[in-house]
Amino acid sequence: MKIMKQLVTFTIMVLGVSLGFAAESSEEKSEPERDPMTGMIIAEDWELVRNNCIICHSPQQFLRQRGTRSTWQSVVDWMQKDQGLVWLVDPELEEKIVTYLAENYAPEAGNYRRAPISATLMPPNPYVSETRKEFEEKKAKGLIPKDVKE
Ligand code: HEC
């Protein structure tokens, strides 16, 4: 009977510890704090982005996007060159805006389509295009370098 009691106590301890861990790890993944007005993640310099980027369109224009730093840089360049964001001339301010976007709206696994299935794992395609046929013919003749991705 004593051994049973010890076993129960031990089980409860193990459960307690693992629950503790679970709580801790779910805390780490908890949602970031968001501004109720704009829905923007509240992080360093978020107000600078708000002040400059929601004048012409809703914040959803950029909040629904995900991108690397260079993608965000090109979005901001595009806004400056073609869309009328003419007042953003301070490179330091621009840097901060791009950094906020790149850090808080970076590509995440869940937001991307899965990687395409390799052509070798796919069934034969009955709708092979002319381009594909030409590629296959050239490949068969050894005219396509081996390291070319399909
Ligand atoms: C002066 C007005 C103006 C400002 C300020 C502005 N934008 Fe835009 N933005 C536009 C316009 C106009 C479009 C639509 C362009 C099109 O579709 O041809 C657009 C489109 C976008 C898109 C594209 C959405 C899509 O569906 O592809 C993103 C992303 C974006 N803006 C981000 C930003 C960011 C980030 C900022 C701040 C640095 C910003 N914008 C500031 C005018 C502005």
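1. Start at G84, which sits just after α4 and takes a positive phi of about 100 degrees. Helices here are DSSP runs (H or I, at least four residues), numbered from the N terminus. This is a predicted model, in which local features need pLDDT of at least 70, side-chain atom pairs count only at pLDDT 80 or more, and totals for chains, interfaces and linings use all residues. Residues are numbered from 1 along each chain as its sequence is written.

2. Now look at α4 itself.

3. Which residues of α4 are buried? They are W72, V76 and M79 (buried: 20 or more other C-beta atoms within 10 Å of the residue's own; exposed: 12 or fewer; C-beta atoms are placed from the backbone). Because these three cover an arc of only 55 degrees around the axis, they lie on the same side of α4 (the arc is that of the directions from the helix axis to the C-beta atoms). On the other side, S70, W78, K81 and D82 are exposed.

4. W72, V76 and M79 also belong to the largest nonpolar core, which has twelve residues (a set of buried Ala, Val, Leu, Ile, Met, Phe, Trp, Tyr and Cys residues joined through C-beta atoms within 7 Å). Two or more of its residues come from each of α2, α4 and α5, and α5 gives the largest share, four residues.
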